[in-house]
Amino acid sequence: MSSPIAGLTRRSTLTAGALAAFASLLGSRLAFADDKMVMAEIKKLYGDKSLAEGKIKLDVPEIAENGLVVPVNVEVESPMTEADYVKAVHIYADGNPQPGIVSYSFTPACGKASAATRMRLAQTQNIVCVAEMSNGALHMAKANVKVTIGGCGG
Amino acid sequence: MTTKPTPRVRVPAKAAAGELIEIKTLISHEMESGQRKDAQGKTIPRKIINKFSASFNGKPVFAADWHPAISANPYQSFFFKATESGEFTFVWKDDDGSEYSSKNKLTVG
């Protein structure tokens, strides 16, 4: 066993230096949203209502090479009739400066509760999707996107 | 802002009654997020299109509230169940109050 000082090789010193520089870079950037902020946004809209799994197909790439343009496609299972349709769909991200991405409102005239757009992701993070049905039921889905180059300007 | 945002919409000209059609829209806009800084370190103010809405014969069909996390030149697609002939109106609302719109006809039958 070598002492911690002797163990501090040139390479490890360099790595530590690089890490410290990276950490200070992160520290100087804007604060990011987190999982709690996403949950708080959902709570603001729907209170403590329970969120069921299923019914939502959230289609995002597993790995996004460019965080500036990440396709996001959501489809919610529903007959889309006057009696039973998807009213709203909200999409959030837990690692962007602000949690909100997009909120959709659907009507039975849509015929299918599906929409696609493109979003910016600052870093690797989770995408959270909440769907509100016409009977008030809530559904939720989550997906992780690995981002190689962040899309937050800086 | 250098150019005026130009909307581009793809709606099939004709559809059978009851057919599900996909509508694709795109508008040129920089969607300045309000997070970026200029060379002097000053924050560039936010300027995005915050709402997109679609209606058919005056009846609302679909709407999207966009946040700064939406990419530049925002794309939006959604579906519509064709039942009768008529006209779509698509409206994009900018942070600065301007509105951009597009009208597209659909013939059913």
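## Strand β7 of chain B and its two neighbours

In this predicted model, B:I49 has B:D94 as its bridge partner in β7(B).

One place to look is B:K93, which stands opposite B:E99 in β8(B). How many residues lie between β7(B) and β8(B) in their hairpin? There are 4. One residue in that turn, B:G97, has a positive phi of about 95°.

## Chain B as a whole

Let's step back and look at the whole chain. Chain B has 8 strands and 0 helices, so the pattern read along its sequence is β-β-β-β-β-β-β-β. The C-alpha trace of chain B spans about 60 × 20 × 20 Å along its principal axes.

Chain B has 109 residues, and 28% of them count as buried. Now consider contacts in chain B between residues at least 6 apart in sequence: 56% of these join residues at least 24 apart.

## Where the two chains meet

Next, bring chain A into view. In the contact between the chains, 28 residues of chain A meet 26 residues of chain B. Which elements of chain A give two or more residues to the side that touches chain B? They are β6 (100-106) and β7 (113-119) of chain A. Of the elements, β6(A) gives the most, with 7 residues. Sorted by class, this side of chain A has 15 nonpolar, 10 polar and 3 charged residues.

Strand β7(A) also pairs with a strand from the other chain. It is joined by 3 bridges to strand β6 (residues 75-81) of chain B, and the two run antiparallel. You can find the pairing through individual residues: A:A116 has B:S77 as its bridge partner in β6(B), while the partner of A:T117 in β6(B) is B:Q76.

## A sheet with strands from both chains

The pairing of β7(A) with β6(B) is part of an open sheet of 6 strands. The order is β2(A)-β4(A)-β7(A)-β6(B)-β3(B)-β1(B), and the pairing is antiparallel. Which strands are at the edges of this sheet? They are β2 (56-59) of chain A and β1 (7-10) of chain B, each of which pairs on one side only. Neighbouring strands of the sheet are turned against each other by 15° on average, direction ignored.

As you follow any strand, here is a general idea to keep in mind: in a regular strand, side chains alternate between the two faces of the sheet.

Begin with B:G18, in the loop between β2 (14-15) and β3 (20-27) of chain B. B:G18 and B:K81 are 63 residues apart in sequence, yet their C-alpha atoms are 5.9 Å apart in space.

B:N57 is in the loop between β4 and β5 (59-66) of chain B, and its phi is near 50°, a positive value in a residue other than glycine. B:N57 counts as partly exposed because it has 13 C-beta neighbours inside 10 Å. B:N73 is found in the loop between β5 and β6 of chain B. Its phi is positive too, at about 50°, although B:N73 is not a glycine. With 16 other C-beta atoms within 10 Å, B:N73 is partly exposed.

## How confident is the predictor?

For chain B the mean pLDDT is 95, and 98% of the residues reach 70 or more. For the complex, the predictor gives an ipTM of 0.93 and a pTM of 0.84.

Notes
Residues are numbered from 1 along each chain as its sequence is written. Chains are lettered from A and ligands numbered from 1 in the order in which they are written. This is a predicted model: local features need pLDDT of at least 70, side-chain atom pairs count only at pLDDT 80 or more; totals for chains, interfaces and linings use all residues. A residue is buried if 20 or more other C-beta atoms lie within 10 Å of its own, exposed if 12 or fewer, and partly exposed in between; C-beta atoms are placed from the backbone. Two residues are in contact if their C-beta atoms, placed from the backbone, lie within 7 Å. Ala, Val, Leu, Ile, Met, Phe, Trp, Tyr, Cys and Pro count as nonpolar, Asp, Glu, Lys and Arg as charged, and the others, Gly among them, as polar. Two strands pair if DSSP finds at least two bridges between them. Axes are lines fitted to C-alpha atoms, for helices over the stretch in contact, and angles run from 0 to 180 degrees between N-to-C directions. pLDDT is the predictor's confidence in each residue, from 0 to 100.
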